[in-house]
Amino acid sequence: MCEKDLVIVGAGPAGMAAAISAYESGVRDILLLERDQYLGGILNQCIHTGFGLTYFKENLTGPEYAHRFIKKINAIKEIEVSLKSFAVHLTNENVLTYIKPGALEKIKAKAVIMATGARERTREMVHIPGTRPAGIFSAGLAQKLINIEGLLPGREVVIIGSGDIGLIMARRFILEGAKVKAVIEIQKQSRGLTRNVVQCVEDFGVPFYLSHRIAKIHGKNRVEKVDVVRVDEHLHEVADSMFSIECDTVLISVGLIPENELIEMAGAVIDKKTNTPVAQEINKTSIPGLFVCGNSFKIYDLVDSVSKDSIHAGYQAAEYIRGLG
Amino acid sequence: MIKKITCIECPQGCALSVDIENCRVVKVAGEKCPKGKDYAISEVENPQRILTSAVIGVGLSLKMIPVRTDKPIPKERILEAAGEIRKIKVARAVKSGEIIATNILGLRVNLIVTRDCS
Ligand SMILES: Cc1cc2nc3c(=O)[nH]c(=O)nc-3n(C[C@H](O)[C@H](O)[C@H](O)COP(=O)(O)OP(=O)(O)OC[C@H]3O[C@@H](n4cnc5c(N)ncnc54)[C@H](O)[C@@H]3O)c2cc1C
């Protein structure tokens, strides 16, 4: 079994910032694992602007924000980057197993930082009745299909939930020539940033239904229409308020949930409601030498805060390793 | 006339009250930094947006290459510009920051790549 001072899992903004910060705090033997074939994480598919306003005092796109960190990572030879490397197992003694093309590797680390990000909440978590035709996507998946794969998932779209990714995708579909027929939010106000409501919805005159919810999705093979109802302040359906919207695609944008299966597997205490580690201090877990940062520690609205938090995690891991002597 | 708008220069989203006379801004209130006033004037007198999109890569490491305009363009030209951008294909390696199309719609705005692609 191979040994390392520090292993970091995930090379999104969190993992990259943690690696650079650990290096700057004196760690010289760092392995950065990423399951994708590129560094950058989710930022690669977030091609819109709005990143870096507080961290760099500039208005960058996701890939531009990532690029600044990628350049730094590539310049530090003590940070070994392993792409297409998927962490699959972790113990409470920081023994980590990962798969990469043609190999299964096991490694013992003095400290591990998990920076595995978040995944999207799904339709199953929000209970939308109706059939299960084709044409229902999570907003982040649609973002990946359009911005990375170059595929347009639909022509007439209804978006459920007003999280930032959903709002951003409203504009993205419109710019690609599709029609966005409605954004539907059960709460009285948008969940997303005002700037996204203005630039992505109001700019294009997309109907934005607050205090409304989807009652049913119709369609045999492909989505055909959705039924929408108004809700009162207790989120109960208002009688006779139902109307239908024809569409071929439904996007679901109801938030993110931290990705923490590996630390749970290792036996770290997890808050089941938020899926985040329980510990006395920020970025720590109940297991010594196991740290978590970025969206897997807590869902951050802004990547700028992810970078800040992760720099702290890199520093903490370096302190921990130094303490071991 | 007083118009309420939200500043979108940064995530704080300051609620601005803009006093408008004859389509011109005469007074701005509610901003927490100087960007607020500039934003209010531009948003009322000539609303502009940076346009971001992605263009097709032919025979390259990326299927889609993300792009942006290097300057904001008038809001009412966004859809037209997006239509132009959809026609662009890139068949050579490009670096983040490189210009791939100039003077979009004659607006003196260039299209730049936002991710390295080999
Ligand atoms: C679909 C989506 C869209 C978003 N859009 C925006 C937006 O428009 N604006 C904004 O400010 N924020 C957005 N966010 C929030 C964004 O996630 C954060 O701002 C930031 O990118 C989080 O950084 P991170 O490094 O924690 O996570 P990520 O960027 O998700 O990076 C996590 C990385 O870990 C890797 N990984 C995960 N598990 C493993 C494993 N077991 N082994 C190896 N590697 C692994 C993943 O491949 C990924 O590269 C979005 C989030 C999502 C999920």
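**Chain B**

I began with contacts (heavy atoms within 4.5 Å) in chain B: among those between residues at least 6 apart in sequence, 42% join residues at least 24 apart. A note to myself: this is a predicted model, where local features need pLDDT of at least 70, side-chain atom pairs count only at pLDDT 80 or more, and totals for chains, interfaces and linings use all residues. Residues are numbered from 1 along each chain as its sequence is written, chains are lettered from A and ligands numbered from 1 in the order in which they are written, and side-chain values use heavy atoms, with hydrogens and water left out.

Next I listed the helices (DSSP runs of H or I, at least four residues) and strands (E, at least two), numbered from the N terminus. Chain B has two helices and ten strands, in the order β-β-β-α-β-β-β-β-α-β-β-β. I then looked up its radius of gyration (over C-alpha atoms; the globule rule is 2.2 Å times the number of residues to the power 0.38). It is 18 Å, well over the 13 Å from the rule for 118 residues, so chain B is more spread out than a compact globule. Its C-alpha atoms fill a box of roughly 55 × 25 × 15 Å along the principal axes.
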